[in-house]
Amino acid sequence: MTGLTQAPTVNPDTKLGELCINVAMTIRNNGSCLIPCYPSGVVYDLFECLTQNLENSGLANVPMFFISPVADSSLAYSNILAEWLSSAKQNKVYVPDDPFPHAFLLKNNKLKHYKHIYSEGFSTDFRQPCVVFCGHPSLRFGDAVHFIEMWGNNPNNSIIFTEPDFPYLQALAPYQPLAMKACYCPIETSLNFQQANKLIKDLKPGVLVIPEQYTKAHPSTPTLCIDQPQDKKVITFKCGEIIKLPLKRKMDRVYLSSELAQKIVPKEVVSGVNLSTLTGILHVKDNVSQIVPCDDKDDSGIPYKCPSREDLLKKVKYEYGNLDIDYL
């Protein structure tokens with residue numbers, strides 16, 4: 001188990017509310033707001049919540065710009081990949097209706113997306129005050145660097161960090177002194193330690209593998225750690241460490257390609273039991289095994305000569321051991 005929240009003491013809903021308040025205050029002070037973010041994920045929720053808040057605050061005409069080399073693809077795919085959405089948003093996909101409100105914002109030019117700041121039309125559409133979503137959250141590359149240099153000397157502007165992956169003070173260090181306001185509102189929706197402990201208790205794994213740091217709680221927050229079950233084996237690891245997992249299995253699942261499956265001709269060997277041999281190439285990738293048909297040509301491009309039945313019986317042998325039909 002890895003990938004738990006990096007901000008375990010923070011409520012994402014509370015921080016989302018703080019973000020909306022900070023953006024509204026910045027706009028009222030005639031300033032612009034920069035939100036360094038990734039081009040997918042939480043940014044969709046930011047579009048939705050921030051739009052509603054600005055409308056309720058009487059700031060519905062404030063433009064929002066989404067700048068990323070994959071901005072167009074990200075917004076398009078978010079409307080069709082519904083398996084990771086909530087039930088309410090999943091139902092909109094099949095109506096048909098757009099699951100996210102950013103599709104409506106795009107149609108009404110309230111949200112505009114560009115690949116780069118030098119993309120055609122950006123300089124014409126750009127106006128302030130505004131809200132800009134762009135990368136990278138580390139502030140070491142991406143268009144966010146340009147906006148910090150452009151807005152950094154104005155205290156009316158603000159930069160709001162929502163990604164907990166990078167310490168925001170370290171990210172801002174190369175740009176000091178900086179007059180623009182900096183706000184840290186981490187919106188982390190990953191599992192927290194309480195949820196992880198409940199999941200472990202429900203799943204009851206035979207072996208639990210976790211980072212070593214998950215087992216060490218801070219003295220001020222003793223509950224922020226993974227409870228180690230006494231009756232289960234727990235394996236911890238450090239960053240970059242190679243460990244051996246006690247995986248014991250004698251059989252594995254192998255998938256047949258559709259082309260090879262069509263060539264199978266089963267023969268009944270015992271009443272109710274059919275047996276067939278097959279010849280193919282075993283491909284193993286990403287821990288998935290698949291058997292595909294042999295190529296019609298060898299490495300030199302010369303077509304294979306089909307062997308006769310007699311050659312097959314003489315040269316080809318299949319070793320299969322003892323077949324336990326009930327076990328299979």
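**View 1. Ring pairs join F65, Y114, F122, F126, F147 and W151 into a cluster in this predicted model.** Rings of Phe, Tyr and Trp (its six-membered ring) pair if their centres lie within 6.5 Å; planes under 30 degrees apart are stacked, over 60 edge-to-face and the rest tilted. The structure holds twelve aromatic pairs.

**View 2. F47 and F66 form an edge-to-face aromatic pair.** The centres lie 5.4 Å apart, with 70° between the planes. F47 belongs to helix α2 and F66 to strand β2 (residues 64-67), so the pair ties together parts 19 residues apart in sequence. Helices (H or I, at least four residues) and strands (E, at least two) are DSSP runs, numbered from the N terminus. Both F47 and F66 are buried, that is, under 20% relative accessible area (1.4 Å probe, protein chains only).

**View 3. F147 and W151 form a tilted aromatic pair.** The distance is 5.1 Å centre to centre, and the planes make an angle of 50°. The two residues are four apart in helix α7 (residues 144-151), and about one helical turn therefore separates F147 and W151. F147 is buried at 1% relative accessibility, and W151 is buried with a relative accessible area of 2%.

**Conventions.** Residues are numbered from 1 along each chain as its sequence is written, and side-chain values use heavy atoms, without hydrogens and water. As the model is predicted, local features need pLDDT of at least 70 and side-chain atom pairs count only at pLDDT 80 or more, whereas totals for chains, interfaces and linings use all residues.

Key. Buried means under 20% relative accessible area, exposed over 50%, partly exposed in between (1.4 Å probe, protein chains only).
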